[in-house]
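Welcome! Please take a moment to look over the sequence and the 3D view before reading on.

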Amino acid sequence: MAETVLSFVLRQLSTFLHEEGRLLGGLRQEVQFIKDELGHMRAFLREAEAKEEDAQPRLQEWIKQVREAAYDTEDILDEFVVRFARHPATGFYGSVRRIFSSIKNLRARHRVASEIQGIKSRIKSISEAHQRYQSEYVNNTTWRYSRDDALLVEEAKLVGIDQRKNHLISELLEGDDHQLKVVSVVGMGGLGKTTLVKKVHEDPEVRRHFPVRAWVTVSETCDFQFLLKDLIRQLHEEGKKPVPQSIESMTTTELKKFVKDFLQQAGRYAIVFDDVWDVEFWNTIKFALPESCCGNRVMLTTRRADVASASCIESRGFVYRMEPLSVEDSRTLFCNKIFNGANCPGHLMDVAKGILDKCEGLPLAIIAISGLLASKDVNRIDEWEMVRRSLGGELEGAGKLDRVKKILSLSYNDLPGHLKTCLLYTSIYPEDYKIGCLRLVNLWIAERFVEWREGMSIEDVAWGYFSELINRSLIQVTGVFYEGMPGNCRVHDLLREIIISKSREQNMVTITTGQPTRWLSEKVRRLIVHTSSSNNTQHHQQMQNYCFDHLRSFVTIGSMNPLLLKTLLFDVLGSSKLLKVLDLRGQETEEEMPNEIFKMFHLKHLDLYHTRVERVPKAIGKLQHLEYLNLGNTGVRELPMEILKLQKLRVLKVYQQVDSSDDDYGFHGFKAPSNMGVLLALEILDSIDASSGSTIVKEIGKLTQLRELSITNLRELNIASIGKGDDHDTIDLSHHHPSLSSSFLQSLRML
């Protein structure tokens with residue numbers, strides 16, 4: 001998280017110094033110093049954050065200090081812009097020139113100088129501490145993950161395994177005997193992948209069929225040379241042969257050749273690589289595994305879908321996706337552990353169901369929580385209720401449950417910094433909430449978690465992040481939209497508890513529900529409101545405890561009481577001059593947009609989807625940094641000319657869904673200003689009304705960055721396809737999609 005913030009601030013500092021550094025006068029050196037020091041810390045910070053779990057408390061505190069200093073540096077830059085951008089000029093930097101040349105603003109300049117000096121002093125102190133901590137972050141090894149922990153799900157206690165085992169055995173024994181076949185088992189941590197493969201590997205029929213066998217534990221950080229030597233030792237010991245001493249001095253290349261030569265002469269082999277974390281491992285080890293003509297087999301376990309598919313694609317292998325236990329198997333496993341196979345007593349049925357619902361079929365969690373409950377008095381329902389209510393907290397420091405937390409945390413710890421930040425952001429959603437994938441991805445972009453890449457749109461980069469989290473079994477897609485695009489998603493409840501814990505540690509978001517909050521941030525930067533119609537008085541009183549001066553994001557999730565929303569918006573917008581993200585999706589707002597919104601000079605993301613807004617005032621032109629504007633499913637049917645001032649606008653959505661009982665079922669678009677083509681940054685335009693004639697269509701033709709376009713009331717459509725021979729494209733007008741709904745077909749006169 002700190003590295004993500006730091007990267008953005010460094011880009012902001014570079015732009016500022018390059019374009020307007022001369023206006024800083026003597027302050028230029030101070031700002032340059034801040035940039036240089038933060039830059040020096042970034043590389044170390046990336047490594048330190050990757051090992052933050054094992055870092056000493058002092059180093060964790062240092063990471064926190066860097067994060068806060070980066071945030072405060074951003075605040076100073078943005079406050080600088082707010083102070084001077086309101087003065088008339090040809091542009092922002094023009095206004096800065098005018099202000100700094102004015103004697104009247106010496107006080108403002110002095111204040112800026114004082115703030116910059118203060119942040120410089122802090123960063124200098126942090127930098128000195130950085131030198132002391134450089135060798136410290138790798139020294140703490142209080143807990144080392146062992147694959148023995150994966151076998152916490154013991155074979156004797158794991159139910160529902162026989163069918164899975166038989167399926168995998170048949171995959172091992174069937175197939176081409178002249179080609180190496182790989183069977184990969186993939187799924188999130190704690191599903192029992194290692195236990196299942198261990199049972200397959202030790203099965204008598206498998207042992208008879210594959211006389212040469214080995215089990216290699218790879219894990220997150222592996223020493224490849226050590227791994228190859230371990231494989232050689234196992235192969236020799238399995239064949240009751242002495243292990244050659246010469247392997248100790250061999251290079252990696254020599255060790256791979258040694259393994260390959262041995263296996264070519266040894267006969268049919270079956271080797272397991274347990275807990276593989278990246279594709280590169282497979283791309284390296286595969287050259288040590290000969291094809292031969294014996295029907296050799298390799299099995300992998302992994303949490304990552306790309307590893308599973310990459311290992312199987314060349315060998316025409318088989319990917320087995322490990323699923324959670326069924327409700328029935330979960331209950332059986334639970335009762336086996338606590339009641340020795342007997343049924344759960346009637347008075348505990350409801351609380352037991354609540355606990356199992358939380359486990360969501362994860363064997364590791366069921367066994368660990370069962371072990372905890374086994375020590376409770378079955379006649380004391382209150383003790384069981386206490387475990388159910390505090391299940392998230394029970395993951396902390398409770399023996400085997402603490403192990404569950406650490407094992408599930410491994411997947412998080414393996415993520416690069418930008419993906420950690422994106423995953424932590426899912427903590428903004430309540431438990432069991434149906435997360436809209438498109439909204440989540442757009443919020444990632446708005447929060448600046450997504451970095452631009454050459455030749456790619458920012459949306460494509462963000463969807464790449466999303467796909468990678470799916471690939472790593474950290475996000476589960478629960479519903480798909482048009483052409484298989486992810487529609488809704490979720491995070492496993494126990495993984496969500498870990499994410500929430502880490503999000504709190506890093507002060508990523510401040511979440512309020514209307515109930516008294518146990519933890520408050522001195523500086524609220526991202527405020528997420530989980531709304532309900534109850535506790536209105538409590539909710540407003542609680543809001544008065546917050547300081548909104550540093551607020552960057554305000555997001556509502558759920559449905560809020562309209563009166564409370566109005567009061568809260570007044571509080572937030574009245575004191576949050578640095579606000580960049582405002583998401584009021586689905587709220588019962590007033591028909592007029594609050595005037596305070598147009599004072600938010602830095603606002604980049606405004607989502608008013610499915611609100612009661614009916615008009616957009618001319619003041620919209622003041623939001624010159626706005627990149628995303630969503631007025632979908634509102635009453636807005638026309639935009640003012642001032643919208644053309646928003647030269648950074650990438651996404652513009654203005655449409656209204658027609659009631660399904662209407663003959664013209666579909667979407668109403670909006671009437672755009674005649675010279676819409678000046679919005680050259682537009683990439684997504686949804687949905688423009690073409691009924692005003694050919695002029696607006698010609699204007700759309702000027703939008704060279706446009707990637708997605710929705711049009712309503714189109715009368716003529718001319719489509720050309722370039723192909724050779726039988727290479728033809730097809731347009732399917734009967735396909736059920738909003739852009740090809742009946743209203744579209746009714747308005748079309750020529751195709």
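Here is a short tour, from the whole chain down to single residues.

This is a predicted model, in which local features need pLDDT of at least 70, side-chain atom pairs count only at pLDDT 80 or more, and totals for chains, interfaces and linings use all residues. Residues are numbered from 1 along each chain as its sequence is written, and side-chain values use heavy atoms, with hydrogens and water left out.

**The whole chain**

The protein chain holds 27 helices and 18 strands; helices (H or I, at least four residues) and strands (E, at least two) are DSSP runs, numbered from the N terminus. Of its 751 residues, 52% count as buried, meaning under 20% relative accessible area, with exposed over 50% and partly exposed in between (1.4 Å probe, protein chains only). Among contacts (heavy atoms within 4.5 Å) with a separation of 6 or more, 67% join residues 24 or more positions apart.

**A pair of strands**

Strand 2 (residues 212-217) has five of its six residues buried. Strand 2 pairs with strand 3 (residues 269-276) in the parallel sense over six bridges; pairing requires at least two DSSP bridges between the strands. Within this pair, Ala 214 stands opposite Ile 271.

**The nonpolar cores**

A nonpolar core is a set of buried Ala, Val, Leu, Ile, Met, Phe, Trp, Tyr and Cys residues joined through side-chain atoms within 4.5 Å. In the largest one, of 50 residues, Leu 168, Met 299, Phe 334, Leu 373 and Trp 384 touch the most other members. Helix 16 (residues 363-373) gives the largest share, eight residues. Domain 2 (161-321) and domain 3 (324-415) each supply at least three residues to this core, with bounds from an automatic or database domain assignment. Leaving out residues up to four places away in sequence, Leu 373 touches Phe 334, Ile 338, Ile 355, Trp 384 and Val 387. Another core, of 47 residues, lies apart from it and includes Val 572, Leu 629, Phe 670 and Leu 703.

**The cysteines**

How many disulfides does a search of the whole structure find? It finds zero, a disulfide being a pair of cysteine sulfur atoms within 2.5 Å. For Cys 335, the nearest cysteine sulfur, that of Cys 344, is 5.5 Å away.

| Residue | Relative accessible area |
|---|---|
| Cys 335 | 7% |
| Cys 359 | 1% |
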